[in-house]
Amino acid sequence: MSARPAPDATSEPGPAAPRAKGLLTVDAALGLLLDGVRGAPATETVSTFDARGRVLAAALRSRLDVPSMDNAQMDGYAVRACELEAARPGAPIAFPVSQRIPAGHPGTPLAAGTVARIFTGAAMPTGADAVVMQEAVEVDPRSGSVRFAEAVGAGEWVRYRGEDIAAGQVVIAAGTRLLPQHLGLAASIGTAEVVVARRPRVAVFSTGDELAMPGEVAVEDLVPG
């Protein structure tokens, strides 16, 4: 039997030599490590106010209409537009104010021939279909009645229910990294908690006789090696 020729340093590397007895290949060691990993749930639920920077795991749908009711866009007076049709410069029409409606306090149905003092965000009273901004109205200081010098169209300065967001609509898509504007939107539709992807937990470890943790051995006591 002839002797095996010495390997040529310039030749292509041949097949890997068999591993030494008792040692694992990198792939085998990695496989053992991964087999021992216990996977955490892929998602978790967190407070909306703690979700900045997290990734939304499930699409967020609104459970309500925004706005939730027809409301006034301006401080002014809620009116029936048809009752102001005859108003024109030089011949203003006067109406008594039958009620005052601040935001958060729904009014009563608007009586015919009257108007309602209304504020931004307040619910439109039943029967009213337009808002005249207060700057366009003349108030009689003695009687408290108001005069309108111009006709208005139905729907003027009114925000309708669901105009911004309809119930059931997806407002934030799954996979979105949540920024402050997303959290504000989620809060505006009453979302207290969101489902997000669980953050990975990373463990780093080092091995070797030449290593020591900081503080484990005083610098002056370090041994050779």
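Analyst: One definition before we start: two strands pair if DSSP finds at least two bridges between them. Also note that this is a predicted model.

User: Over how many bridges do strand 9 and strand 10 pair?
Analyst: Pairing requires at least two bridges. Strand 10 covers residues 146-148 and runs antiparallel to strand 9. Their number of bridges is 3.

User: Which residue in strand 10 is the bridge partner of Val-137?
Analyst: Strand 9 spans 137-139. Val-137 has its bridge partner in strand 10. That partner is Phe-148.

User: What is the strand order of the open sheet of 3 strands?
Analyst: The pairing in this open sheet is antiparallel. Its edge strands are strand 5 (93-95) and strand 9, each pairing on one side only. The twist averages 30° from one strand to the next. The order is 5-10-9.

User: How many bridges join strand 6 to strand 7?
Analyst: Strands of a sheet pair through backbone hydrogen bonds, either parallel or antiparallel. Strand 6 (residues 97-101) and strand 7 run parallel. Arg-100 has Arg-117 of strand 7 as its bridge partner. The bridges joining the two strands number 4.

User: Which residue in strand 7 is the bridge partner of Gly-76?
Analyst: Strand 4 covers residues 76-79. It pairs with strand 7 in the antiparallel sense, over 3 bridges. The bridge partner of Gly-76 in strand 7 is Ile-118.

User: Are the residues Val-115, Ala-116, Arg-117 and Ile-118 of strand 7 buried or exposed?
Analyst: Val-115 and Arg-117 point one way from strand 7 (residues 115-118). Ala-116 and Ile-118 point the other way. Buried means under 20% relative accessible area. On both sides, these residues are buried.

User: What accessible area do Leu-30, Leu-33, Leu-34 and Val-37 have together?
Analyst: These four residues form a nonpolar patch on the surface. Patch residues each have over 30% relative accessible area. Leu-33 lies in helix 1, residues 26-35. Together the four have about 390 Å².

User: What share of the 225 residues in the chain is buried?
Analyst: The chain has 2 helices and 13 strands. Its accessible surface comes to about 15600 Å², with 57% belonging to carbon and sulfur atoms. The buried share of residues is 26%.

User: Among contacts between residues at least 6 apart in sequence, what share joins residues at least 24 apart?
Analyst: Contact here means heavy atoms within 4.5 Å. The count takes residues at least 6 apart in sequence. The share joining residues at least 24 apart is 76%.

Methods
Residues numbered from 1 in each chain as written. Predicted model: local features only at pLDDT ≥ 70, side-chain atom pairs only at ≥ 80, totals over all residues. Heavy atoms only, no water. Patch = residues over 30% accessible without salt bridge, like charges linked within 9 Å, V, L, I, M, F, W, Y side chains within 5 Å. Areas by Shrake-Rupley, 256 points an atom, 1.4 Å probe, with all protein chains shown as cover. Salt bridge = Lys/Arg side-chain N within 4 Å of Asp/Glu carboxyl O. Buried < 20%, exposed > 50% of the residue type's maximum accessible area, 1.4 Å probe, protein only. Axes fitted to C-alpha atoms, helices over the stretch in contact; angles between N-to-C directions.
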